[in-house]
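Subject: Structure for your review

Hello,

Here is the structure I said I would pass on. My notes on it follow below.

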Amino acid sequence: MAGSRSKASLRVWLVCPGLLSCFLLGFLTGWFTKLTEKNPNSSDVHQNVRQKLVAEMKAENIRKFLRSFTKLPHLAGTEQNLLLAKKIQGQWKEFGLDSAELVNYDVLLSYPNEEQPNYISLIDDRGNEVFNTSLFEPPPQGYENITGILPPYNAFSAQGVPEADLVYVNYGRTEDFFKLEREMGINCTGKIVIARYGKIFRGNKVKNAILAGAQGIILYSDPADYCAPGVDPYPNGWNLPGGGVQRGNVLNLNGAGDPLTPGYPAKEYTFRYKVNEGVGIPKIPVHPIGYHDAEVLLRAMGGPASPDSSWKGSLNVSYNIGPGFIGNSSARKVRMHVHTSNKITRIYNVIGILRGALEPDRYIILGGHRDSWVFGGIDPTTGAAVLQEIVRSFGKMKMEGWRPRRTIIFASWDAEEFGLLGSTEWAEENAKVLQERAVAYINADSSIEGNYTLRVDCTPLLYKLVYNLTKEILSPDEGYENKSLYESWLEKDPSSENNNYPRINKLGSGSDFEAYFQRLGIASGRARYTKNRKADKFSNYPVYHTVYETFELVEKFYDPTFKKQLTIAQLRGKLVYELADSQVIPFDSRDYGEALKGYSNRIYILAKKHEEQLKLYKVSFDPLFSAVVNFSKAASEFHRRFEQVDKKDSVAVRIMNDQLMLVERAFTDPLGLPGRKFYRHVIFAPSSHNKYAGESFPGIYDAMFDIESKADQREAWEEVKRQISIAAFTVQAAADTLKEVA
């Protein structure tokens, strides 16, 4: 018995090494095989997923979404816009997003009075109305029986029926009023002024009229600014018809969001100012008209002639300045009838989430608005249709088993046309979370405003990524077959600073990125197709914010093949994908250093026009130049370290990614800009004189603007020195955030 047990033990001991060897061989073979397999986050898989995502996007789908979303008017606060929100929400769920929710806010909106229409009159010396402007736009063919089209109006205008002499103020810019008051001796106090649309944001025109003492302001679209030569008016062409009128809000919010809850989300529990105390609401009546009606008002203008040709449009009138009329019309005045009312109304954002697999607490936001003044054929629905196709494509990838590294948030904003309200309220409600977790915001407003070439506005952090991605996308432009989007863009719109690169603009405002970039300091960008800025002298696209912005306008004239919109879908989609799925966040802070060098040089050249004062008041830009040099050095050193970091060390990568994410945040000042506390970015802000345009080093720029006319020169230059100090500190502080973590 003992002998057989020892034999069995011997057999076991002889077999075990063999089994152990087989196990080790199998384990090691499996281990090494695993090492040589493609990692799910490897560059090949990353590229393949991106190619699949882009290949999934189809022009025909964008066309169908545009057709579906533009059949009826969908003004913010209306039932139709809520129905559209629910439709988008339902589709996002079908596409496979993890969630799609409606998020509501109660904000101040503004509508015309249906029983008391807005219009402008010419009145004789007895007060009789001898001419009245149109009450509505003639509807386009096929839309005659559509209900819910509100007449043209300027949202948030004050109510009133002022009567006064008329003064023509060109575009109503700061420099136009300076010309009238300082050089021509024309006083606008107590007058009604008429300004043509274009060049600057309409709210800035209204603010300038108020500062000049005007009782009211009439806005009109001159054919010089809203008609391209040799093109017919809509529907036979894409020019503005004489009865077409641009709608739009005339607020001066300076980033406040809802006028009654500035800085805080407009929820049920929020304290509200009284309606007549709202932020940025004008105190004078404002009303827009078409150029046929404007021609009647301007025809008999008296007073001096226009100072030069830049004050003359294309109407068959003299463009005399006024005040008042001449000849048989000399006793006539202008009367405004404006009965627009403001009321608190519920709006709805749609927020969709695709949760990240590895870094769910890092967010990439792709957001664009849904609300439109009427049908929104271009603005915003060429953007909303593109957003829908991007969401569908991402959803399909997720349904097939893929997830992004970081979380993607998709947003369909409401009430953008009333002052960027939906996007700003959501930013305010989620500010603490977004400041900690948001990597980037990509805007998804209109994807076309022309069809000539690409236009990009973004933070310098995104320059390299934008350039690289456009090199991978085929150009949709005629004559550029088999060439990249980058090549057609570079040839058509090279940068004025360095013509080896295409032009990229500074971010101003006028769309939903404002709260994310200018207030919260989240790296942001936008891309769309635009006009030929050198050859096309018309402002924006001619039928902007009119009833003629229809699906047919886009299909017939702007993008018949929908290839331009598809190209923008590909670019926006790739931007989101790279930001969400790259192991290393694709920002390059070295480009920020180069940009800061250019911006600081430009502001210094502007200051050098006052060389005597710089010496007299001991104004020095040296601290700013020094900080810019330090930032550039820190950026170069940071990227050198990042290239050498062990990419398998997830903690080390995360630390450096967070440094990149927070660079933009470092350029914000919690105190905000003087008089504009919700604009906190020290490097970029909307121009104080044109909300649409971006200004660099805005604190210094505004302090020096028209400084020679300031009564107390010492005090004025002390403010310049203070702003240089703030800018220098901020740039240096941003440089410090890029240094090696202790």
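How many helices and strands does the secondary structure of the chain come to? The count is 22 helices and 19 strands. Please keep in mind that this is a predicted model.

Overall dimensions: the radius of gyration is 29 Å, which agrees with the value near 27 Å that a compact globule of 742 residues would have. The C-alpha trace spans about 135 × 70 × 55 Å along its principal axes.

Among contacts with a separation of 6 or more, 79% are between residues 24 or more positions apart.

Aromatics: the whole structure contains 40 aromatic pairs. One of them is W402 with Y577, whose ring centres are 5.8 Å apart and whose planes meet at 35°, so the pair counts as tilted. W402 sits in the loop between α9 (381–399) and β14 (406–413), while Y577 belongs to helix α16 (residues 563–581); the pair therefore ties together parts that are 175 residues apart in sequence. Both W402 and Y577 are buried. Separately, F517, Y592, Y599, F631, F667 and F684 form one aromatic cluster.

Regards

Notes: Residues numbered from 1 in each chain as written. Predicted model: local features only at pLDDT ≥ 70, side-chain atom pairs only at ≥ 80, totals over all residues. Heavy atoms only, no water. Helix = DSSP H or I, 4+ residues; strand = E, 2+ residues; numbered from the N terminus. Rg over C-alpha atoms; globule rule 2.2 N^0.38 Å. Contact = heavy atoms within 4.5 Å. Phe/Tyr/Trp six-rings, centres within 6.5 Å; stacked < 30°, edge-to-face > 60°. Buried < 20%, exposed > 50% of the residue type's maximum accessible area, 1.4 Å probe, protein only.
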